Every structure is written in structure tokens, then in C-alpha cells.
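Please read it alongside the sequence and the model.

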Amino acid sequence: MQEQVQAAQLARMRRLATGLLLFMGLVFVVSRIFVPQYPFLSFVGAFAEAAMVGALADWFAITALFRSPFGLPIPHTAIIPRNKDRIGESLSDFLEHNFMTPEIIRDELHSIDFAGIAAGWLAHPDNSAAISRQVIKGIPTMLRVIEDDDVRQFMQNRLTAALDNVRFAHVLAEVMSLLVARQHHQKLFDHLIGIADRALEHNKPYIRWKIHESSPRWLPKAIDQKLYERLLEALQGTLAEMKEDDSEWRMRFHLATDELIAQLESSPEYGAKIDSVVRDVLGHPLFRNYLIDIWHDIKSRLEADAASEDSQMVARLNRALNAFSDELLGDAAIQHKLNQWIRTVVGEAIVQRREMIADLVTRVIHKWDAETISHKLELHVGKDLQYIRINGTLVGGMVGLVLHVISLAL
């Protein structure tokens with residue numbers, strides 16, 4: 001549509017310039033015929049003659065840019081079609097060294113408030129809701145891609161390869177070291193003592209019955225009861241002692257934990273055993289089937305929620321985006337840091353790839369047909385170039401008139 005408008009404008013201006021040239025020719029002929037009767041027409045004839053020369057010279061120059069005048073192989077004509085590749089290289093070089101320099105990119109990006117614009121746009125409820133719906137709408141598609149057999153096999157192979165390089169003993173040692181540093185192992189010890197205490201309390205009848213069953217039949221019941229009470233007292237006392245912060249049991253547990261961590265870090269036997277156990281568990285069909293069942297359940301829930309009009313994921317993501325935009329709008333320091341980071345990343349990306357961008361311009365222009373690029377350029381600038389023809393006609397006429405006056409004066 002735009003090219004049609006440009007073509008119409010170019011044709012109109014071309015008719016105007018050509019019409020002016022023909023009019024000057026007609027004026028020249030008429031003035032030459034009647035100049036003997038009307039001497040003052042010599043001035044009109046001089047104006048028209050010089051105007052035709054100026055118009056023809058400008059017509060030739062403008063036409064020579066895009067094609068050979070009258071199709072004649074005149075040297076240095078059809079400049080744009082014949083020099084298309086060189087023009088493309090010059091244009092790409094000009095873009096690279098005059099538009100994509102670090103200074104220009106930095107100055108241009110400095111005036112853009114990326115964080116503020118993004119936060120203000122996200123703060124509008126319709127925009128954040130649209131983003132949330134669009135993101136969640138893409139989840140089923142992503143899940144279908146993951147379900148593809150080739151993709152799934154690739155991911156399984158990559159996961160298997162990644163697990164082959166993992167030393168689970170070292171990972172377990174690091175996790176345990178972190179837990180010990182934060183005294184979580186002591187909480188575990190207290191939890192185990194609590195389990196033992198509750199188990200003892202709940203199983204008192206069973207312990208009494210077991211002692212009675214194991215005692216000889218001739219032994220009096222009173223002795224069985226006394227033995228049960230002594231055993232229960234000893235067990236409860238031991239558990240109470242273990243609960244104390246400075247108990248020997250607690251210290252032994254701490255030392256045993258440290259020793260286990262040291263063995264996991266240094267012992268090849270421990271490492272081989274744990275790696276073997278973990279890989280056996282991960283590779284067992286029951287474990288894999290269990291994971292597949294869990295995945296299918298999660299997948300179906302995600303797809304159902306994503307397709308729902310009252311999607312919880314959309315609502316949560318929308319709330320998160322609104323909270324993020326509100327926090328960002330109210331924190332000028334974070335906006336400043338984000339803008340600095342974005343400007344640095346974008347600026348470096350453009351500058352580092354400016355040769356690639358310039359080469360892209362060169363390659364595209366090389367692929368263009370010479371006639372096509374000439375036609376497109378003429379559509380864009382041809383209307384303005386026709387003004388040159390009009391101006392050349394008028395300026396040429398004025399120069400011719402001045403020269404005619406001077407020749408008469410001399």
C-alpha cells in the first residue's frame with residue numbers, strides 16, 4: 001500500500017517536471033519565432049533556452065542514478081544498479097562505525113528508563129493479567145514437548161549422564177556438614193530419643209507380657225513384676241540421661257556423625273557403596289514407574305488448571321507480577337540498578353555484535369536484485385529528486401537570463 005502511494009507521488013512529480021521542461025521548449029520556440037517583431041522576447045527566449053538546458057542536465061543526472069538514459073550504455077550511468085554491492089558494503093561500514101559505537105549506544109540507552117517503563121506497564125491490571133494468561137497458556141504446549149518421545153529420551157540420557165558424574169557420597173557429606181554446622185543433628189538426636197520414649201510408653205503392656213512369657217513357670221509373679229519395673233526404670237533413666245545437653249550419649253552421637261562425614265569424604269569404599277545404592281534406587285523400575293505416575297498426575301493437574309477460566313496459576317502469577325511492579329515502582333534504587341544492568345547488557349550485546357549486524361546488511365543487499373533495489377530507492381527518494389529537476393529548470397532559466405543581460409550590456 002505504501003509503495004503504491006509512493007509510486008503515485010513519484011509519477012505526479014515526474015509529470016510536473018517533464019511538463020515544465022516541455023513548456024520551456026514551447027516558450028523557446030514561440031519566442032524565437034516572434035522575436036523579430038517583439039525584441040523583448042529575446043529575454044524570454046534566453047530564459048527558456050537556459051531552463052531547458054538545466055532541466056535536461058538534471059534529468060540526465062537523476063536518471064543516471066537509477067538506469068541508463070534511453071537504455072544507452074553511457075559510462076557512469078545506472079550508478080545504483082551497477083554499484084549495488086559496493087553501496088551495501090559502504091552502508092554497512094557506515095552503520096558499524098557511525099551508529100553502533102560504544103559512545104552512541106551508551107548515550108542513546110542512558111535516556112531510556114527500562115525498569116520504570118516495564119514496572120509502569122505491568123502495574124496496569126489488564127497488562128499483568130494478559131501476561132499471566134499468556135505465560136500459563138504456554139504450559140500445556142511445553143508439557144506436550146516434554147512428553148515427546150525424542151525429547152523425553154534426550155532428557156533421560158542427559159540426566160543419566162549428569163548423574164554418572166555425581167559423587168553422591170561427597171554430596172551427602174556436604175549436606176551433613178551443613179546440618180551439623182547448624183546443629184540440626186542435635187535436633188535429630190532429640191527427635192529419635194522422643195520416638196524411643198513414646199515407643200516405650202506405648203509398649204509397656206507388651207514388655208510386661210514378654211517378660212512374663214520368657215520367665216520360668218515356677219518363678220513367682222511378684223519377681224516378674226519387679227524385673228519389669230527395674231527394666232522399665234533403667235530404660236526410662238537412660239532415655240532421660242540421653243536427653244541432657246551434656247550427656248555422653250549426645251557426645252557419642254556427635255562424634256559418630258563427624259566420623260561418618262569424614263568417611264564419606266575420604267573413603268572410596270563408602271563412596272562406592274553409596275553411589276551403588278543411589279543408582280540402584282534411581283534405576284529400579286518401581287522407582288521410575290512411581291516417578292512417571294507422579295509426573296502424569298502433576299501434568300494433568302497443570303493442564304486442567306491452565307485451561308480453566310479461574311486458573312489458580314494465572315491468579316498467583318498475576319498477584320506476583322502486581323507485587324513486583326508495585327515494589328519496583330516504589331524503589332528508585334532498584335530501578336537505577338536494573339537500568340544500569342540492562343543498559344550494560346544491551347549496550348555490550350549491540351557493540352560486540354555490530355560487525356555481525358553490519359555483515360547482515362551487506363548480505364541482504366547482495367541478495368537483492370539490482371533492478372529491485374533501484375526501484376525501491378527511486379520510490380523513496382524519487383519524488384524529492386523531481387524537485388531538483390524543477391529547481392534546475394527555474395535556476396537554469398534565471399542564470400540564462402542573467403547571462404543574456406550581461407551579453408547585451410557588453
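The axes of H1 and helix H19 (residues 370-409) cross at roughly 20° and come within 9 Å; axes here are lines fitted to C-alpha atoms, for helices over the stretch in contact, and angles run from 0 to 180 degrees between N-to-C directions. Helices (H or I, at least four residues) and strands (E, at least two) are DSSP runs numbered from the N terminus. On the H1 side the contact residues include Glu3, Leu10, Arg14 and Met24, and on the H19 side they include Lys376, His380, Tyr387 and Leu394, where contact means heavy atoms within 4.5 Å.

Helix H1 (residues 2-34) also packs against helix H2 (residues 41-66), the two axes coming within 8 Å and crossing at roughly 150°. H1 and H2 are therefore roughly antiparallel to each other, and their crossing is left-handed. Among the residues making this contact are Leu21, Met24, Phe28 and Phe34 of H1, together with Leu41, Phe47, Met52 and Leu56 of H2.

Helix H5 (residues 102-110) and helix H17 (residues 332-352) have axes that come within 10 Å and cross at roughly 145°, in a right-handed crossing. Pro102, Ile105, Leu109 and His110 of H5 meet Arg343, Val346, Gly347, Ile350 and Val351 of H17.

Asn339, which lies in helix H17, is buried, with a relative accessible area of 5%; buried means under 20% relative accessible area, exposed over 50% and partly exposed in between, with a 1.4 Å probe and protein chains only. A polar atom of the Asn339 side chain lies 3.0 Å from the backbone nitrogen of Phe114, and a polar atom of that side chain lies 2.8 Å from the backbone nitrogen of Ala115. Leaving aside neighbours within four places in sequence, Asn339 is in contact with Ile112, Asp113, Phe114 and Ala115. In helix H6 (residues 114-123), Ala115, Gly116, Ala119 and Leu122 are buried. They cover an arc of only 135° around the axis, which puts them on the same side of H6, the arc being that of the directions from the helix axis to the C-beta atoms.

## Residues in loops

Ser311 sits in the loop between helix H15 (285-307) and helix H16 (312-329) and, at 5% relative accessibility, counts as buried. The side chains of Ser311 and Asp305 are joined by a polar contact of 2.7 Å, that is, a pair of N or O atoms within 3.5 Å, of which, within protein, one must be able to donate a hydrogen and the other to accept it, residues adjacent in sequence counting only if both atoms are side-chain atoms. Apart from neighbours within four places in sequence, Ser311 is in contact with Ile136, Asp305 and Ala306.

Asn203, in the loop between helix H10 (184-202) and helix H11 (204-214), is partly exposed, with a relative accessible area of 34%, and its side chain reaches the backbone oxygen of Ala199 at 2.6 Å. Asp245, in the loop between helix H12 (221-243) and helix H13 (248-266), counts as exposed at 72% relative accessibility. Asp245 and Asp190 are 55 residues apart in sequence and 9.8 Å apart in space, C-alpha to C-alpha.

## Basis of the values

Residues are numbered from 1 along each chain as its sequence is written, and side-chain values use heavy atoms, with hydrogens and water left out. As this is a predicted model, local features need pLDDT of at least 70 and side-chain atom pairs count only at pLDDT 80 or more, while totals for chains, interfaces and linings use all residues.

Notes
Angles under 35 degrees count as roughly parallel, over 145 as roughly antiparallel, 65 to 115 as roughly perpendicular and the rest as oblique. A crossing is left-handed if the near helix is turned anticlockwise from the far one by less than a right angle, and right-handed if clockwise.
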